[in-house]
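Please read it alongside the sequence and the coordinates shown here.

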Amino acid sequence: MSVVKPVDTRETPLFRKVLIGTTVLFAAAAIALSIASAVQVSRSLTDEFRSKGTAIASSVAASAVELLLNRDASTLQDNIDQFLQIRGVAYVFVSDEHRDIVTHTFVPSIPEGVRQVSLNERNDVREAITIADLEVPGVGSYIDVAAPILSGVAGTVHVGMDKAVIAADVRRAILQQTAILLGIFGIGLVLAYGFVNRTSQPLRALTAYVNRLAHSDFQHLETDAAVDRIADGARDEVGSLARAFRRMAATLTEYIDQLRSAKDELADYSRSLEQRVQERTEELVEKNRTLEDTLGQLKQAQEQVITQEKLASLGALTAGIAHEIKNPLNFVNNFAQLSTELTTELRETLEKTLPEEQRADALEIVEMLQMNVQKINEHGKRADSIVKNMLLHSRKSKGERTEVDVNALLNEYLGLAYHGVRGQDKSFNAKLETHYDPAVGSISAIPQDLSRAFLNILTNACHALAEKQKKLGDGFAPVLEVSTAARAHEVEIRIRDNGPGIPPDVRKKIFEPFFTTKPAGSGTGLGLSMTFDIIVQAHKGRIDVNTEPGEYAEFVITLPRNEAA
Amino acid sequence: MVELYNSRAVRFAAIALVLLLAAGLRPPVLANGELVLGMSAAFTGASRQLGSELYRGALAYFTEINASGGVDGTTIRILPLDDAYEPVRAVHNTIAFVEEHKVPLLFGYVGTPTVTRVLPLLKRYEERGPYLLFPFTGAQPHRQPPYDAFVFNLRTSYLQETAGLVNNFINVGRRNIAIFYQADAYGRSGWDGVRRALAPHGLKIVAEATYRRGTPYTADLSAQVNTLRAANPDAIISVGAYAACAAFIRDAVNAGWDVPIANVSFVGSESMLEMLATEERRTGRNYTSRLITSQVVPSYEDQAMPGVLEYRRLMDKHRPSVPEAFRDPSMTSQHYSFVSFEGFLNAKLLTEVLRRAGGRFDRASIRTAFEGLRDFDLGIEAPVAYGSGRTQGLDYVYYTRVRDGAFVPLDDWSAWKK
């Protein structure tokens with residue numbers, strides 16, 4: 001969180017002061033030493049050159065005696081040539097008793113200044129070796145050492161020592177000295193840097209430490225290796241300072257840790273509170289949803305109960321009515337039957353008894369009468385059939401519960417229904433798709449009732465397909481799908497056709513008795529009602545309808561597996 | 001490993017010791033009948049053509065002698081070592097000849113500073129040491145005591161050469177004589193000769209200029225030209241080697257100075273002429289019209305002399321070349337030259353001496369053979385004479401000038417009248 005400002009450890013005022021002091025000291029020492037050594041080198045070289053020149057001049061003078069006397073210029077030249085190899089020797093020349101230069105080493109010629117030296121030689125200096133400074137303009141400056149040959153009787157030897165060599169040596173000496181001093185200075189700098197570093201390093205470390213302290217960077221307080229080293233290592237004031245700092249830091253850290261843990265606890269507490277509230281809220285929401293679901297289920301159940309009650313009461317009513325109607329209807333039927341026979345007898349009688357002219361009218365009337373009676377009889381029988389159906393509907397099943405192979409039963413009645421419809425309408429044709437789940441197996445059921453229920457639904461489906469086929473013609477491919485599936489404790493049966501589907505208003509009334517969409521006289525409106533009773537009431541199952549008008553209709557029958565009868 | 005090394009080192013040391021002893025016991029004349037001559041000379045450096053030419057001339061004659069069976073069955077071989085005209089190297093070479101090669105004779109050394117420095121060595125090896133025969137220098141040290149005891153010369157001295165030049169110049173009225181010389185024993189020797197020749201006429205050298213030994217032809221010598229010209233001399237005597245002398249003549253002519261310049265025999269006439277001819281082709285100036293050269297052998301163009309004919313014949317026949325080690329493709333070998341002619345005559349005289357010594361090469365025999373030479377004819381119409389303390393065989397000086405790019409005899413000095 002807090003940023004520690006970087007502490008400049010490169011250069012410190014202490015080091016800068018030491019650096020400046022050292023530099024000044026060394027500069028002064030270098031200048032002083034350079035001057036001193038320049039003077040010293042110059043002096044000693046001059047002395048050396050003087051003595052060297054003297055030695056050479058004496059040597060040449062000694063050996064030249066005989067050579068001069070022998071007039072052997074060649075050997076004398078060879079003799080002096082060798083001295084040119086000696087460092088600092090610029091020239092050697094020998095002049096004879098006439099002060100003529102008889103041998104020399106000058107190239108390209110004897111400088112005029114040198115010739116003058118030889119010519120101006122005084123007689124009184126010929127006794128001893130003389131040393132003089134010789135400036136030859138444009139050529140150089142020399143230390144000229146003159147030695148007499150044979151006490152000056154035979155001539156003089158001059159040896160010139162080059163001052164330029166002295167100057168060069170002085171320069172080189174100064175350069176060397178400067179280089180050495182620079183080297184020492186460099187080493188001194190390194191040492192000073194090291195010393196200052198060693199002295200100020202702990203202080204800087206402590207400073208940095210305190211800076212971090214000031215910036216509340218408590219993370220590093222207890223793990224500062226540098227400070228630990230100082231505190232544990234140094235037995236001086238810096239060490240005690242470091243130890244004091246460390247103790248202070250430890251105390252601070254302790255306080256701050258307590259604060260921090262208190263703060264953390266508080267934060268934890270508030271965080272858990274929040275969480276608990278949320279958990280409770282979620283629980284409530286869950287419960288609310290469960291309640292809503294339960295309520296929905298209740299409502300559904302209520303509706304179902306109402307529907308069932310309605311249907312049941314309707315069935316009971318129907319049964320009652322049927323029963324009541326059945327007796328009068330029996331009378332009507334019986335007498336209508338009787339009347340038919342009677343009219344036939346009447347006709348025969350009339351044919352025999354009546355005159356020709358009356359017979360025609362009478363027979364006509366009898367004919368009509370007979371027809372009427374027949375109509376009564378016919379419709380009476382039909383009414384009787386309805387009533388019988390109604391009674392059948394209301395009647396408690398007398399069938400026995402037994403193990404029923406659902407797949408086999410379904411398949412059997414699929415064939416019956418399909419071929420039944422095809423029997424009435426040869427043009428009908430549909431594709432039958434069956435998906436029987438072998439796991440379905442057998443359930444406890446009343447086979448007569450169950451088969452009837454299957455037949456009703458399957459026949460309805462076939463009729464629906466036939467209707468749509470008639471309407472659409474060859475462009476339509478009718479498909480009737482029948483499938484079973486084993487559920488946990490249930491068996492599911494799906495019967496699906498891709499017929500015209502069921503409109504919503506029809507959908508609502510589909511299980512009501514006497515509701516039918518078929519033309520009057522071709523259906524009783526009791527098929528699906530009966531089916532509903534069989535599935536829901538007799539077998540405690542469910543029946544659902546899924547449909548999309550114009551596309552398909554699907555009946556889903558769910559039967560419980562263990563029906564405790 | 002260490003033991004092996006040690007034993008091997010011991011064996012080597014033993015073998016080396018035996019070889020050294022054998023070498024020490026070896027007689028001066030080699031067992032296979034070959035006489036080896038030690039020759040230290042300039043085969044490299046600015047004066048390399050002097051050593052090379054001297055060697056070639058001698059080689060031509062020795063090759064011929066060896067082909068005909070040598071001298072009494074002894075063949076002669078020159079063992080050349082290069083000193084590059086440097087005194088110190090000449091000294092080292094001489095030590096090597098004596099200590100290592102044990103040569104019975106030193107032959108054909110080149111140069112005054114080199115020979116002057118070698119002389120004390122000859123004295124050092126007085127007991128068993130060889131003579132130095134016919135060094136290519138006219139300086140005095142080896143012509144006078146104490147070193148005349150170790151050297152036999154054939155050629156005329158610089159004193160004689162310079163005196164001849166000085167006298168001829170004075171005869172044609174050229175009395176103010178300046179000198180250009182090499183700053184060493186050789187130059188000083190010529191300087192001394194000029195000075196001594198002038199003294200009887202009451203004259204002194206009017207101006208002098210020097211150059212450092214080894215100065216190449218490419219060096220600028222106009223400082224020396226200016227120094228001498230300031231004294232307005234009538235003639236210049238030049239005592240040097242060909243490269244610097246040619247450079248001096250070049251700079252003098254280029255400065256428009258037509259003073260006669262006379263060189264001594266050591267200069268290497270053909271080498272100098274070659275440099276000046278090249279310069280002439282380059283600038284179109286005539287560098288040789290005022291050029292005189294004194295020689296110590298007659299012109300090899302004088303075919304009336306049997307010695308010249310023999311020289312030319314053997315040079316043509318054997319086409320001698322410099323030793324393999326010193327061969328340099330940039331160096332043009334001269335067909336004939338004064339220097340190689342001198343080498344040839346040296347060889348011829350040595351052969352005669354050896355013949356007279358009768359196969360003995362000790363100092364006494366050699367000296368006796370030399371002293372027996374009186375009026376010996378080398379075929380150059382100049383009798384060689386030793387004996388009666390003489391250590392120099394010839395005393396003639398020949399003067400030449402350049403005409404049509406070649407040296408021709410200069411007999412009439414009147415053309416050089418002032």
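Accessible areas are computed by the Shrake-Rupley method with a 1.4 Å probe, and for residues only the protein chains shown count as cover. The model is a predicted one, in which local features need pLDDT of at least 70 and side-chain atom pairs count only at pLDDT 80 or more, while totals for chains, interfaces and linings use all residues. Residues are numbered from 1 along each chain as its sequence is written, chains are lettered from A and ligands numbered from 1 in the order in which they are written, and side-chain values use heavy atoms, with hydrogens and water left out.

On that basis, chain B has an accessible surface of about 16,400 Å², and carbon and sulfur atoms account for 53% of this area.

Helices (H or I, at least four residues) and strands (E, at least two) are DSSP runs numbered from the N terminus; buried means under 20% relative accessible area, exposed over 50% and partly exposed in between (1.4 Å probe, protein chains only); and a contact means heavy atoms within 4.5 Å.

| Chain | Helices and strands | Buried residues | Contacts at separation 24 or more, among those at 6 or more |
|---|---|---|---|
| B | twelve helices, 14 strands | 60% of 418 residues | 74% |

How large is the volume of the largest pocket? It is about 1,200 Å³, where a pocket is found on a 1 Å grid over the protein atoms alone as an open set of points where a 1.4 Å probe fits, with protein on both sides within 12 Å along at least five of seven lines, and lining residues have an atom within 4 Å of a point. Grid points are joined across faces, edges and corners, and the volume is the space filled by probe spheres set on the points.

The lining has 40 residues, and those closest to the centre of the pocket are A:Asn460, A:His463, A:Thr516, A:Thr517 and A:Lys518. Helix H9 (447–472) of chain A is one of the elements that supply at least two lining residues, and H9(A) gives the largest share, twelve residues. By class, the lining divides into 18 nonpolar, 15 polar and seven charged residues.

Finally, over all chains there are zero disulfides, a disulfide being a pair of cysteine sulfur atoms within 2.5 Å. Among the cysteines, A:Cys462 counts as buried because its relative accessible area is 1%, and B:Cys245 is likewise buried, at 0%.

Key
Ala, Val, Leu, Ile, Met, Phe, Trp, Tyr, Cys and Pro count as nonpolar, Asp, Glu, Lys and Arg as charged, and the others, Gly among them, as polar.
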